[in-house]
Amino acid sequence: MLTRNSSVIFDLLDGNMTLCNLADGDFFELNDTAAKIWLACTGDCTADQLTSTVAESFCVEDTNRLRSDLASFIDVLCDAGLLLVIPEPAHHLQPRNTCL
């Protein structure tokens, strides 16, 4: 699951999304497309789900290229400490009734 780092604040300024990582004071500016991707990273979707959403939103036909581009963008955000990739919760096995 993709989620924004809680130490990052962001706001729309002059038509661009501006991010500030409070942990190190670094600022980043995202264009409109990157801002929409950033806003979608709420911890509710995987990279594959994000790829599908972006493909639909922007009418992208080459999803392989989009998947690659998004992976690169996600890597950049993660390397900068802006985005976190949280493993999906494991599907727990149902407890079995056993007779002793």
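**Entry 1: the model**
I am working from a predicted model.

**Entry 2: salt bridges, whole structure**
I searched the whole structure for salt bridges and found three. I then took the pairs in turn.

**Entry 3: lysine 36 and aspartate 32**
I looked up the side chains of lysine 36 and aspartate 32, which meet in a salt bridge. The N to O distance is 3.2 Å. I checked accessibility next. Lysine 36 has 43% relative accessibility and counts as partly exposed. Aspartate 32 is partly exposed too, at 44%.

**Entry 4: aspartate 69 and arginine 65**
I moved to helix α3. Aspartate 69 forms a salt bridge with arginine 65. Their closest N and O atoms are 3.5 Å apart. Both residues lie in helix α3, with four residues, or about one turn of the helix, between their positions. Is arginine 65 buried or exposed? Arginine 65 counts as exposed, because its relative accessibility is 56% and the cut-off for exposed is over 50%. Aspartate 69 has a relative accessible area of 40% and is partly exposed.

**Entry 5: aspartate 48 and arginine 67**
I noted a salt bridge between aspartate 48 and arginine 67, with the closest N and O atoms 3.5 Å apart. This pair links distant parts of the chain, 19 residues apart. Aspartate 48 is in helix α2 (residues 47-57). Arginine 67 is in helix α3 (residues 63-79). On accessibility, aspartate 48 is partly exposed at 47%. Arginine 67 is partly exposed at 37%.

**Entry 6: aromatic pairs**
How many aromatic pairs does a search of the whole structure find? I found one. Phenylalanine 10 and tryptophan 38 form this pair, and its geometry is edge-to-face. I read 5.6 Å centre to centre and 85° between the planes. Phenylalanine 10 lies in strand β2 (residues 8-13) and tryptophan 38 in helix α1, so the pair ties together parts 28 residues apart in sequence.

Phenylalanine 10 has 33% relative accessibility and counts as partly exposed.

Methods:
Residues numbered from 1 in each chain as written. Predicted model: local features only at pLDDT ≥ 70, side-chain atom pairs only at ≥ 80, totals over all residues. Heavy atoms only, no water. Salt bridge = Lys/Arg side-chain N within 4 Å of Asp/Glu carboxyl O. Buried < 20%, exposed > 50% of the residue type's maximum accessible area, 1.4 Å probe, protein only. Helix = DSSP H or I, 4+ residues; strand = E, 2+ residues; numbered from the N terminus. Phe/Tyr/Trp six-rings, centres within 6.5 Å; stacked < 30°, edge-to-face > 60°.
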